[in-house]
Amino acid sequence: MTRRLKYSKAAKELGIKESWLRRHIKQLPHSKVGRVVYFTDADLERIDQLHHHEPSTGPLAATSKPSTSATSHPLANLRPLPRRGTAHANVS
């Protein structure tokens, strides 16, 4: 049996706000019966694929592959995030 989730449960499943789903409904996969909008598991998976973006710049961006030498710790390349209110240009 296919699950049919309404806005609130679909938003909770995706980890987003219900208002975002409502605002972007025209661009999202969904089904409609009359005025009732619902999302299947396949719809939710497709939404996640379409709108999941990894950061490409900034402190949370994926870095180049760290060195794999035996003396290097796997987390050695991690740097703390800048304090609130400081410019990203100060991050080395």
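E18 is partly exposed, with a relative accessible area of 30%. On this scale, buried means under 20% relative accessible area, exposed means over 50%, and partly exposed lies in between, using a 1.4 Å probe and protein chains only. E18 sits in helix 2, residues 18-23.

Before going on, a word on the source. This is a predicted model, where local features need pLDDT of at least 70, side-chain atom pairs count only at pLDDT 80 or more, and totals for chains, interfaces and linings use all residues. Residues are numbered from 1 along each chain as its sequence is written, and side-chain values use heavy atoms, with hydrogens and water left out.

Back to E18. Which residues does E18 contact, leaving aside neighbours within four places in sequence? They are Y7, S8 and A11. Contact here means heavy atoms within 4.5 Å. Take S8: E18 and S8 are 10 residues apart in sequence, and their C-alpha atoms are 5.7 Å apart in space.

Now the overall layout. The protein has three helices and two strands. Along the sequence, the pattern reads α-α-β-β-α. Helices (H or I, at least four residues) and strands (E, at least two) are DSSP runs, numbered from the N terminus. Of the 92 residues in the protein, 16% are buried. Take the contacts with a separation of 6 or more: residues 24 or more positions apart account for 35% of them.

Next, the core. The largest nonpolar core has 11 residues: L5, Y7, A10, A11, L21, I25, L28, V37, F39, L44 and I47. Helix 1 (7-14) and helix 3 (41-51) each supply at least two residues of this core. The largest share, three residues, comes from helix 1. By nonpolar core I mean a set of buried Ala, Val, Leu, Ile, Met, Phe, Trp, Tyr and Cys residues joined through side-chain atoms within 4.5 Å.

Look at A10, in helix 1. A10 counts as buried, because its relative accessibility is 0%. Setting aside neighbours within four places in sequence, A10 touches L5, L21, F39 and L44. A10 and L21 are 11 residues apart in sequence and 8.5 Å apart in space, C-alpha to C-alpha.

How do helix 1 and helix 3 pack? Their angle is about 50°, and their axes are 11 Å apart. Axes are lines fitted to C-alpha atoms, for helices over the stretch in contact, and angles run from 0 to 180 degrees between N-to-C directions. Helix 1 and helix 3 are therefore oblique to each other. Angles under 35 degrees count as roughly parallel, over 145 as roughly antiparallel, 65 to 115 as roughly perpendicular, and the rest as oblique.

Who meets whom? A10, E13 and L14 in helix 1 meet L44, I47 and D48 in helix 3. By class, this contact has four nonpolar, no polar and two charged residues. Ala, Val, Leu, Ile, Met, Phe, Trp, Tyr, Cys and Pro count as nonpolar, Asp, Glu, Lys and Arg as charged, and the others, Gly among them, as polar.

Last stop: T40. Where is T40 found? In the loop between strand 2 (36-38) and helix 3. T40 counts as buried, because its relative accessibility is 14%. Not counting residues up to four places away in sequence, T40 touches T2 and R3.
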